[in-house]
Amino acid sequence: MRNFDLLEPKTVDEACRMLDAGEDVRPVSGGTALLILVKQGLLRPQVLVNLKKLEGTNAITRDGAGAVRIEAMATIHEVETSPVVREHLPVLAAACHQVANIRIRHLATIGGNLAHGDHQSDPPGVLVALDAEVELSGTRGTRAMKVTDFLLGTYETALETGEMVTAVTVPPVRGRLVGDYLKFTTGSSEERPCAGITALVRLEDDRPVEARLAVGAVAARPLLLCETDPTEGALQRMAEHAADEMDAIPDLRGSAEYKRHLVRVLGCRALAAAWKEACP
Amino acid sequence: MSAVGSDVPRVDGNAKVSGSAQYTADIELPGMLHAKALRSPHPHAKLVSVDVSKAAALPGVIAVVTRDDLEGLNPYYGAVVEDQPVLAMERVRCVGDVVAAVAAEEREIAEEAVELIEVEYEPLPAVFDVVEAAAPEAPIIHEERFETQAAIFREQLNLNAGGNVCSVFRAGDGDVDAGFAEADGIFENTYRMPPVQHGHIEPHVATAVWESPNRLVVHTPCQNAVGLQEQLARIFNLPESGVRVVVPHVGGGYGGKTHARLEPVTALLARKAGRPVQWVLTREEVFLTGRRYGGFVRMKTGFKRDGSLVAREVEVFYDLGAYALSGPANAKTGSYVASGPYRVPNRRLTTYAVYTNLPPAGPYRGVGVPHVAWAYESEMDRIARHLRMDPLELRLKNLLQEGDIFVTGESLVSVGISDCLRQAAAGIGWRGREEQADGATEGSLRRGKGLAVIMKSTTTPTASAASVRLNGDGSVMLLTSSTEMGQGVRTCLAQIVAEGLGFPVERVTVSAPDTDVTPYDKSTSSSRTTFHMGNAALRAAEEVRDQLLEAGARALEVDKADLELAATGVSVRGVPDRSLTIPQLLRVKYGDAVGSIFGSCNFQVKGGLDPKTGKGKAAAFWFFAACAAEVEVDAETGKVRVLDIATSVDVGKAINPLQCWLQNEGSMLEALGAAFFEEMVFEQGQPVNGTLLEYMLPSMEDHPERFQSLLVETPHPDGPFGAKGAGEAVIPAVAPAIGNAVANALGGVNITELPLRPERIVAALAERAAGASRDK
Ligand SMILES: Cc1cc2nc3c(=O)[nH]c(=O)nc-3n(C[C@H](O)[C@H](O)[C@H](O)COP(=O)(O)OP(=O)(O)OC[C@H]3O[C@@H](n4cnc5c(N)ncnc54)[C@H](O)[C@@H]3O)c2cc1C
């Protein structure tokens with residue numbers, strides 16, 4: 001592994017200034033993804049800017065309106081075990097719980113997970129289903145965008161040089177969400193997802209008013225489908241539609257055809273389970 | 001008996017769990033350099049030129065070695081065929097072949113230097129599929145043939161078979177054509193098994209230092225210290241005593257550390273640098289350094305309506321990769337068991353060890369057996385289904401029995417295989433014929449149970465030597481070249497020595513291999529240590545015991561037979577106050593209470609097979625195992641969950657029952673990974689999943705919901721306390737048991753290629769559905 005300088009900024013402003021210095025500068029959070037790339041010689045940064053020591057960047061809070069804000073340096077483990085997330089966004093807690101293994105979850109951060117842009121991840125699909133936003137800070141200020149707009153493709157995000165992810169926010173939910181995250185692996189149970197299916201039904205006054213199906217890990221970007229007139233038949237069609245729509249990436253975990261097949265089967269199952277929870 | 005047969009805690013457990021155990025990579029010698037290799041990016045190419053001038057000029061680089069540095073040495077080595085150059089000579093034969101190596105002050109400098117080496121290759125046609133490689137028109141991977149040094153191999157293998165076929169071994173008996181003619185049914189199928197990783201957590205690593213021009217010291221986690229010593233001595237033209245191989249703690253081997261891997265290059269670098277050199281492989285390099293043979297099996301079986309097997313013809317192709325290592329010997333090990341542990345009157349069994357342009361393989365637990373077991377046990381279930389027979393009954397009807405004459409012509413002893421099978425089947429609640437009936441289904445979930453049995457030989461002929469040293473304070477040292485690599489050999493040997501002396505186990509310390517000190521051992525492989533080294537250690541202990549009793553008898557003026565030996569010393573049976581302590585006995589023996597008492601034994605088993613006829617004595621002992629599994633298959637996604645799994649091994653005598661359990665549990669989980677998802681994938685010889693991110697090993701989360709390790713104890717007349725080897729026993733049985741369980745769950749959908757990836761299962765179901773609708 002090549003040597004590099006490690007900078008340890010105290011504030012986000014300072015970090016952004018350091019990151020703005022050029023192409024050979026990379027931010028590092030948990031380091032679980034980055035250090036592998038460096039060891040394999042796929043990335044050769046001269047300087048690493050350690051974001052892990054920025055002050056106050058791992059809090060998880062909920063405001064009066066019901067929006068949940070997760071600071072970028074929160075580890076996957078912190079998200080998974082946060083009382084706020086568990087109570088208000090159990091589907092996100094469930095997805096985070098299924099990331100890799102306990103050792104990785106204690107290091108990996110939610111910000112790093114999104115910034116890495118690896119399509120074979122668990123949290124992004126769920127965040128897309130929850131209509132979450134990312135907050136980006138740079139030397140030119142702060143901006144926010146939908147997670148779905150942030151993730152551009154495999155290892156491609158909307159991040160610009162000198163920018164970092166500072167938070168993920170989930171807007172308040174009108175009514176109540178039920179449903180779950182379904183992770184499917186084809187190898188060891190600690191493997192990255194072959195498919196990650198989020199199926200949610202939103203209830204207002206105990207009436208289902210919307211169904212959402214997000215498919216992660218299958219294509220370069222998560223796919224989100226929404227149905228504002230949810231019925232059992234409509235949900236079935238949603239899964240079919242998702243399967244047809246997916247631009248599945250073939251790899252050792254499965255062919256494109258198999259992955260689309262999975263989306264159909266698992267999409268149906270996950271939606272049916274959410275529907276059952278919504279209308280017991 | 002007190003020490004033998006009890007769950008003595010592992011003697012090395014504390015050091016390993018607490019982190020105080022020192023491994024090879026922990027060694028820091030003064031002035032030590034770090035190595036890095038330049039590896040071939042081509043699967044097969046002529047090596048036109050290697051220019052290391054820029055690398056050698058980089059500050060911090062102390063030595064760079066290439067083929068030019070092998071001048072005056074014996075550049076080729078190998079356990080069976082000397083076909084592997086220390087560094088690529090006139091060509092490279094696989095991606096990862098080492099072309100040059102650098103030793104530098106820091107690892108980063110060595111890495112940088114490697115990038116400065118300029119190599120010109122001229123690509124050659126390459127071949128990757130084992131069957132294609134065996135064909136006469138395939139590009140030839142080794143133009144030259146190399147003489148083996150090891151006499152027993154030369155005598156017992158058919159080398160020089162021609163083309164890329166490194167060796168052929170044939171076993172058989174009866175009249176196969178007549179057998180097929182009298183059969184009521186004949187099945188013919190092919191099976192495939194991919195290469196997999198050993199998965200030892202500690203990578204290959206070595207530290208080498210030349211103490212003088214005639215004295216090389218190597219530290220390495222090697223399973224075969226003496227074999228490595230012999231190979232290094234040959235390469236560097238030294239007497240064996242000029243090479244010292246020391247084996248620190250080992251972080252797993254599984255067969256992958258049985259042969260020289262990176263030690264020759266490390267020693268060559270240290271020689272040129274004049275300083276100690278350490279080389280630790282990265283995981284990516286481990287993927288290019290060793291693996292299990294991929295295999296292709298063609299199997300034809302003739303059977304009678306009552307289920308008796310009448311004829312079997314088997315052809316097996318083992319993919320060696322670029323170099324043979326012990327491949328020809330391992331392919332032989334697969335040959336005579338290729339028809340399974342069954343009575344088959346007429347059979348023709350042939351195994352081929354074949355070079356391909358893939359990275360070299362080498363022994364992996366079970367060596368040639370998993371490949372054939374996957375085939376013959378899948379076939380047994382197909383035959384049972386066809387005949388509507390209980391797969392358990394079908395097996396029991398055909399299984400070998402005590403005293404049977406095997407295909408090798410030898411008479412089998414200590415054959416507990418039927419008991420193993422019955423016990424494993426009972427362990428998962430086997431219900432007989434209905435296990436192959438269309439089972440109850442719940443939604444897309446289908447449950448099924450499956451069985452498998454295996455037998456394996458231990459490498460024969462071999463020898464193991466041991467010395468036992470009794471100190472004046474009554475503590476005991478066993479000097480042995482057996483490697484502790486997680487299997488618990490130190491604990492087991494300590495128990496055997498303690499039992500032989502009548503001492504408590506805590507008195508006995510078992511050495512690590514150090515060829516300056518510890519005597520000859522063939523290798524820690526082939527499940528042979530408890531039997532061979534156990535015998536040597538026991539006899540060495542008995543020699544010490546005899547000397548103590550003799551001294552006691554002389555001093556106490558009684559007959560030896562009237563004395564008993566215990567931790568405190570020698571006493572007259574029934575008269576405890578007529579006794580002598582160990583120091584007193586030393587004084588009797590030597591006139592002074594100083595010195596050591598030594599016992600030693602060179603335990604040897606003769607035998608072997610005639611390569612012309614395949615007859616002789618294949619094994620010092622045979623071992624037998626069964627596995628039974630219950631699975632739940634999601635027929636829509638193809639995902640399989642193992643609900644229950646039981647293994648049963650005939651160990652002869654369980655020296656340490658707890659260790660047997662742990663060994664079998666570890667084997668089960670290791671084999672489970674290979675059954676379900678492990679597979680090294682290559683594209684045109686390039687590794688596709690050559691990292692532990694892409695190539696997954698099973699984790700504890702993959703552990704079946706229920707596991708039982710069952711033991712059968714059919715004492716072996718030649719084993720220490722009746723013990724046989726058991727180390728590898730479970731490995732070959734797991735995949736076929738699971739495959740049969742999946743097939744039964746799906747109403748007889750057989751998958752012939754491992755691993756049982758979900759997509760394969762879905763595809764097989766779709767194919768059957770398509771076939772069914774075509775038939776309509
Ligand atoms: C063995 C293993 C198994 C895994 N299994 C799974 C799995 O099952 N499911 C799953 O979802 N994921 C899995 N992962 C991926 C893991 O979730 C990611 O590695 C992790 O989330 C990345 O976070 P990090 O903080 O470690 O990022 P780092 O490694 O620190 O950084 C990742 C990338 O993002 C950049 N970066 C980091 N933080 C920021 C920031 N705040 N702003 C801008 N850029 C930033 C870095 O420069 C780098 O390019 C696995 C990883 C490993 C090693």
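Let me start with B:Asn357, which sits in the loop between strand E18 (346-355) and helix H11 (369-387) of chain B. Helices (H or I, at least four residues) and strands (E, at least two) are DSSP runs, numbered from the N terminus.

This is a predicted model, where local features need pLDDT of at least 70, side-chain atom pairs count only at pLDDT 80 or more, and totals for chains, interfaces and linings use all residues. Residues are numbered from 1 along each chain as its sequence is written, chains are lettered from A and ligands numbered from 1 in the order in which they are written, and side-chain values use heavy atoms, with hydrogens and water left out.

Is B:Asn357 buried or exposed? Buried, with a relative accessible area of 0%; the cut-offs are under 20% for buried and over 50% for exposed, partly exposed in between, with a 1.4 Å probe and protein chains only. The side chain of B:Asn357 reaches the backbone oxygen of B:Arg93 at 2.9 Å. A polar atom of that side chain also lies 3.3 Å from the backbone oxygen of B:Pro43. Leaving out residues up to four places away in sequence, B:Asn357 touches residues including B:His44, B:Phe128 and B:Gly685, contact being heavy atoms within 4.5 Å.

Now the sheet. Chain B has an open sheet of 4 strands in the order E23-E22-E21-E27, with mixed pairing; two strands pair if DSSP finds at least two bridges between them. The edge strands are E23 (508-510) and E27 (597-605), each pairing on one side only. Strands E21 (residues 462-470) and E22 (residues 476-479) of chain B pair in the antiparallel sense over 4 bridges. There, B:Leu470 stands opposite B:Val476 in E22(B).

Notes: Polar contact = N/O pair within 3.5 Å; in protein donor to acceptor, adjacent residues only side chain to side chain.
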